[in-house]
Amino acid sequence: MALTEVREAHVADASAAPSHTEEKVDEKVDEKYDDLKVDEKEIEEELDLYVPLKMDPGIPYEPNPLTVRAVIVGILLGALVNASNLYLGLKTGFTFSANIFGSIFGYGIVKLMSKHCGNWPILGGSFGPQENSIIQAAATGSGGIAGIFVAGIPAIYRLHAIEGTPRENFGPIITITLVCSFFGLFFVTPLRKFFIIRVARELKLLFPTPTAVALTIRSMHAGAAGAREAISKLKALALAFSASLIQRVASYYAIGILYDWHPFTWIHIWSKGTSWALNIESYGWYFELTPAFIGSGMLIGMNAAISLFAGAILAWAIIAPTLVHYGECIGKQLYPDDPYWDSLYTFSSLKNLGHETPSPRYWLLWPGVLILVASSIAELLVQYKVLAHAGRTTWKSICSGLNDLTIKVRGKPSAFLEAQASKYQDDPSMVADSARPEDQVPMWQWMVGLVLSIVIAIIVFEYQWGMNPGLTILACLLGFLFSFLAIQVGAVTDQTPLTASSKASQLLFGAATSGKGYSIVDAQRINLVAGGLASGAADVGSSLTSDFRTGFLLGTPPNKQWYAQSMGTLISVFLAPGLFILFTTAYPCIINGDDHCPFGVPSVAAWAAVAQAVTDPAVSIPWSSGIFSIVIAVVSVAQVVFRHFYLVGEREWVRDYLPNWGAIALSFVLPNPVFTTASLFGALIAFTWRKWKMSSFELYGYAVAAGFIAGEGLGGVVGAVLQIAGVSGDVLGTNAGCPGNAC
C-alpha cells in the first residue's frame, strides 16, 4: 500500500467540474509545498502546468544533466528510502516515494560539490534543475520495487508455498524482482507522449505530486533567494532525519519508554491487576512515538487522518469487541499460564484459517479489501467519458505508429492502418513536446527490452515458480492494463490504486487456476507471484511516468531520465532482495507468522488471506463479514457517485468534508489502531503549525516529514543489524512499561 492511497484526493473527479480542476490542484500544490510565493490568482494568470515551467534566466545551460555525480547521489539516497520502505512496509504495509526526499537532499549534496569542487571532473561544475531532476529519477529507481517484499513474496513463505529460506532462494527472488522492475519500465516508456503530451490538458492529467516536486526543484534553483530557502529545507530535513534515526535506534533498548506508550498496561500495573485495562490494551489501543507515521500524518492532511482514526474506532473499538462478545470471532491468550497477564489477548492472528473460529482481524480484512477494490473501480468508472476518449486516442495513435513502421518496412502504407490513423488528429490545444527527437528514448531500446523481459518472465515463472507461459502472459497483460489505469487515476487524484490492482489480479488468477488440477500450494504460489508481477509492474510504470512528468516541466531530456531511472532500478533489483533477507534473518517471524512479532505485516497477511480464500476450499469468508463487506462497499461506491454527479459547482465545497473511504478501508486491514493514532497526531501537528505560522510550515513542514519517515526507516535497518549481531534491545535493553514485559 502506498502513502498516496490514504491521501485526500486533490481532484477526485476531473470531469465533474472542469472549470475548477486546474485551479484546485494548483491550490493544493501551492498549499502542500508552496515554493511559489504567489496567491491563487497569480498562479491562474501566470502558471500553465501543462507546458514546461519558465525557469530563472540566470540558470546556466545544461548540455548533459545526466552526470555521474547525479546518478550516484540519487542511487544512494534512493537506497536509503528502499531500506526505509522495507522496514516501514513490513511493519505497517505503507511505502513512500523517494522523489521529494531525493530532490531536496540531492540538491544539498550536489550543490555542495559544485560549490567546493570547482571544475574537478565528476564532482565539480555548475548544478541546475535538470540535473536535480536526474537525481530524483535515480532515487525513485533505486528506492522502488520494495512493494513486492512487503506483500506477495513474504506471503509465499507464510503459506509454505516455497521450500527453503529467503537466503536459500536468493536467485529466484532476484529474477522475479528483475522481471517486475524492467517489464514495467519498458512497456510504460512509449506511453510518455500519450499521458504527458497528447491528452494531459484534455483529460486534466495534472500529476499533483510530481508537479509539486518540479515546482520544488524550480524554486530551489531560483537565484539567491531560492538557494537560501533550499538550504533551510535541507537543514530541516537533515535534522529531522538524524533525530528520527537516533530515536529509533535508542528506543530498541527502552522500547516501553522511548517508543511504545501503553497507558492501559500502566493502569493494570498501578492498580495491581485491573483486567478491563488489559482488555482495551488487547485491541491495540496504545500510542507509538513513531516518527515515520507522525511524518506521514503531516503529509496526508486532516481529512485522511481523521478518516483513518474513525475507521480504527469503528473496527477496533466497536466491531471487533462486538464480534468477540457474541462469539463470532475469538482472540488468543498470549500468557495463559501467567495469572497476572492472563487477560492479555491478541485479536489479530491469521493462523489456522479454516480450522478454527477466526480472529476479528480476518473478519475485518474483507470489508477493507472490498472497499478498496470497489471504491477504486468506482472512481475509474465515473470517468467513463475520459476512459472512452483515452481508448479511442490510444487506438488511433497505435495505428498511426504501426502505419509509419509499415511504410518504412514495406515502402507503402497499410490501407486499414492508414484509415484508422487518419481519424487521429492532435488536439489544437495540445502543447508541442519540448524534447527534441534525439532526446527521446529510441524505439528499439524499449521494444527490445520489452520482448526480452517477457521472454525472461516466461522462463523464470515456468522453471522457478511453476507458472505456465499462458498464465505468465496473462499476468503481463494484467500488469499493462493495471499500469494504464493506475497512471490515469493517479494523474488525476494523486492516488495510485495498486492495492486494488493486486487484489483484482489475485481474484482473476484464483478463477484462472480453479479446476485446472493445481494443488492448493501450487495454486497459492501462482496466485501470489502473478499478483506480484501485475502490481510490481504497475508500481514501476507509474513511478517512471511520474518522473517523466517532473522532467517535462523542468525541460529534462526524457532519455536522460530513463537512463537514470534504469540505473537506479538495476540497483534496486539487488538491493531490495538483500534487505529482505536481512530483515527475515533478523526477524524470522516475518515469514513464519508468529503472533508476537515486532512487524505487523498487514499487507502480507492480506495477500495470504486472499490467496487462501480463492484457492483453498477449507478457507471461507465468514457470512456476516461478507454481508457487511457488500453493504459498506455499496455505501463507499454511492459516495463516489454522489460526489461526482451531485457535489459540483456551488456544492463542490462539501467534498472536503466527506469521509475518505480508502483511509477507512486501510484501518480495517491494519492489525491494530496504533498507526492511525500516530498519523492523526502528525496531522494535528501540521494543522496547528499551519494555523500558528503558515510561512514557517511552508518552508520546513514537508522537509521535516520526509526526514522523519526516512530516518525511522534507516533506524529499522540498523535495528535488524543489531538483532543479527546479538546486541539488540531484547538482549541488552529493558521492556519496562510493556504488556507482558514484552513490546
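A salt bridge is a side-chain nitrogen of Lys or Arg within 4 Å of a carboxyl oxygen of Asp or Glu. Lys-91 belongs to helix H3 (residues 68-92) and Glu-712 to helix H30 (residues 694-725), so the pair ties together parts that are 621 residues apart in sequence. Helices (H or I, at least four residues) and strands (E, at least two) are DSSP runs, numbered from the N terminus.

Both partners are buried: the relative accessible area is 6% for Lys-91 and 0% for Glu-712. Buried means under 20% relative accessible area, exposed means over 50%, and partly exposed lies in between (1.4 Å probe, protein chains only). A network of salt bridges links Lys-91 and Glu-712 with Glu-288.

## Other salt bridges

A search of the whole structure finds eight salt bridges. One of them joins Glu-438 and Arg-436, at 3.5 Å from N to O. Glu-438 is exposed, with 51% relative accessibility, while Arg-436 is partly exposed at 44%.

Arg-655 and Glu-652 form a salt bridge in which the closest N and O atoms are 3.9 Å apart. Here Arg-655 is buried at 10% relative accessibility, and Glu-652 is buried at 9%.

## Helix H3

The 25 residues of H3 should span 36 Å at 1.5 Å a residue, and the end C-alpha atoms are 35 Å apart, which agrees. The expected span is 1.5 Å times one less than the number of residues in the helix. Of the 25 residues of H3, 20 are buried, so the helix is largely enclosed by the rest of the structure. Just after H3, Gly-93 takes a positive phi of about 90°.

## A nonpolar surface patch

Val-68, Ile-72, Leu-76, Trp-120, Ile-122 and Leu-123 make a nonpolar surface patch of about 600 Å². Patches are made of residues with over 30% relative accessible area and no salt bridge; like charges are joined within 9 Å, and nonpolar side chains (Val, Leu, Ile, Met, Phe, Trp, Tyr) within 5 Å. Leu-123 is located in the loop between helix H4 (99-116) and helix H5 (129-142).

## Cysteines

The structure holds zero disulfides. A disulfide is a covalent bond between the sulfur atoms of two cysteines; the cut-off used here is a pair of cysteine sulfur atoms within 2.5 Å. For Cys-180, the nearest cysteine sulfur is that of Cys-476, 9.2 Å away. Cys-180 is buried, with a relative accessible area of 0%, and Cys-329 is buried at 1%.

## The whole protein

The protein has 31 helices and four strands. Buried residues make up 60% of its 743 residues. Among contacts with a separation of 6 or more, 83% are between residues 24 or more positions apart; contact means heavy atoms within 4.5 Å. The accessible surface comes to about 28,600 Å², of which 65% belongs to carbon and sulfur atoms. Accessible areas come from the Shrake-Rupley method with a 1.4 Å probe; for residues, only the protein chains shown count as cover.

## Basis of the values

Residues are numbered from 1 along each chain as its sequence is written, and side-chain values use heavy atoms, with hydrogens and water left out. As the model is predicted, local features need pLDDT of at least 70 and side-chain atom pairs count only at pLDDT 80 or more, whereas totals for chains, interfaces and linings use all residues.
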